[in-house]
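These are my notebook entries on one structure.

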Amino acid sequence: MTRLRLVQDDQQAGARKPVARLSLDGLELAGRAILGPVQLDLFSGETVALTGPSGIGKTSLLRVLAGLETRQRGSVERPKNVAVVFQEPTLLPWRNLQENLCLTLHISPEAAEQALASVGLAGRGGDFPGQLSLGQQRRLALARAFAGSPDLLLLDEPFVSLDAALADEMMTLFETLRSGSSVTTLLVTHAESEAKRLASRIVHLSGSPATLDP
Ligand SMILES: Nc1ncnc2c1ncn2[C@@H]1O[C@H](COP(=O)(O)OP(=O)(O)OP(=O)(O)O)[C@@H](O)[C@H]1O
């Protein structure tokens, strides 16, 4: 049985009220223990990187936080307005870019156009997702996440399998969008360099048996 351990730098915890709080006793999927006891508080405006080897349970933890996975034991507190960006952009292929933004975020066409412009897609609102490169689709997915002004942003390896130049461009874009917002972010990543560049705090999912280091 895989058991997991979360090593968390607790310096920032203090008495502040977290924006999101995960108090997990465990998560079993298909009869297998995936996650053990995990306590994770996310505080206002911070970007926390969640790292760990492949298959350890990073995406599962993110899904629990997002409310997409409900089979866990334990409690999750999250704000109302949560945005999730997955590895693969999840755009509606039969809707144009402007509709993709307006329909999912309930924002005006003008706000949608502004969001498109913020990621270098000005004037492309009438195009369909299939007409975009993967890099452009990923930029749009990021723009959509920020355009909804989320209180909590959950990113699941949004820069993975991009060439180095494009990954760098995406990270710069993320930094720009984040600088105009007070969003609290959890970023799942394999890449130490990415975590160091983007995160104010790094937590590491690892170990067997499942325990939580102080
Ligand atoms: N719906 C599911 N049913 C059964 N097992 C699952 C399910 N989803 C994930 N798992 C298993 O849970 C474990 C953790 O998967 P998860 O995707 O959370 O890991 P990860 O750390 O995000 O991996 P990677 O870095 O490779 O994306 C894996 O062994 C996976 O096979």
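**Entry 1: helix α1**

I began with the burial of helix α1 and listed its buried residues as Lys 58, Ser 60, Leu 61, Leu 62, Arg 63, Val 64 and Leu 65. I call a residue buried if 20 or more other C-beta atoms lie within 10 Å of its own, exposed if 12 or fewer, and partly exposed in between, with C-beta atoms placed from the backbone. Helices are DSSP runs of H or I with at least four residues, strands are runs of E with at least two, and both are numbered from the N terminus.

**Entry 2: basis and overall make-up**

I note that this is a predicted model, in which local features need pLDDT of at least 70, side-chain atom pairs count only at pLDDT 80 or more, and totals for chains, interfaces and linings use all residues. Residue numbers start from 1 along each chain as its sequence is written. I found six helices and eleven strands in the protein. Of its 214 residues, 38% are buried. I then looked at contacts, meaning pairs of residues whose C-beta atoms, placed from the backbone, lie within 7 Å. Among contacts between residues at least 6 apart in sequence, 76% join residues at least 24 apart.

**Entry 3: the shell around the ligand**

Which residues surround the ligand? I recorded Leu 29, Ala 30, Ile 34, Gly 52, Ser 54, Gly 55, Ile 56, Gly 57, Lys 58, Thr 59, Ser 60 and His 190. By class, I count four nonpolar, seven polar and one charged. Here Ala, Val, Leu, Ile, Met, Phe, Trp, Tyr, Cys and Pro count as nonpolar, Asp, Glu, Lys and Arg as charged, and the others, Gly among them, as polar.

I turned to strand β9 (residues 184-188), where five of the five residues are buried, so the rest of the structure largely encloses it. Thr 184, Leu 186 and Val 188 are buried on one side, and Thr 185 and Leu 187 on the other. I take two strands as paired if DSSP finds at least two bridges between them. Strand β5 (residues 47-51) runs parallel to β9 and is joined to it by four bridges; Leu 50 has Val 188 as its bridge partner. Strand β8 (residues 152-156) is also parallel to β9, with five bridges, and Asp 156 stands opposite Val 188. From β8 the chain passes through helix α5 (residues 164-179) to β9 in a right-handed β-α-β crossover; right-handed means that, with the strands pointing away from the viewer, the path from the first strand over the helix to the second runs clockwise.

**Entry 4: strand β4**

Four of the five residues of strand β4 (residues 38-42) are buried. Strand β2 (residues 20-29) runs antiparallel to β4, and five bridges join them. Ala 20 has Leu 42 as its bridge partner in β4.

**Entry 5: helix α4**

Ser 149, with a positive phi near 45°, follows α4.

Notes. Two residues are in contact if their C-beta atoms, placed from the backbone, lie within 7 Å. A residue is near a molecule or strand if its C-beta atom, placed from the backbone, lies within 6 Å of it.
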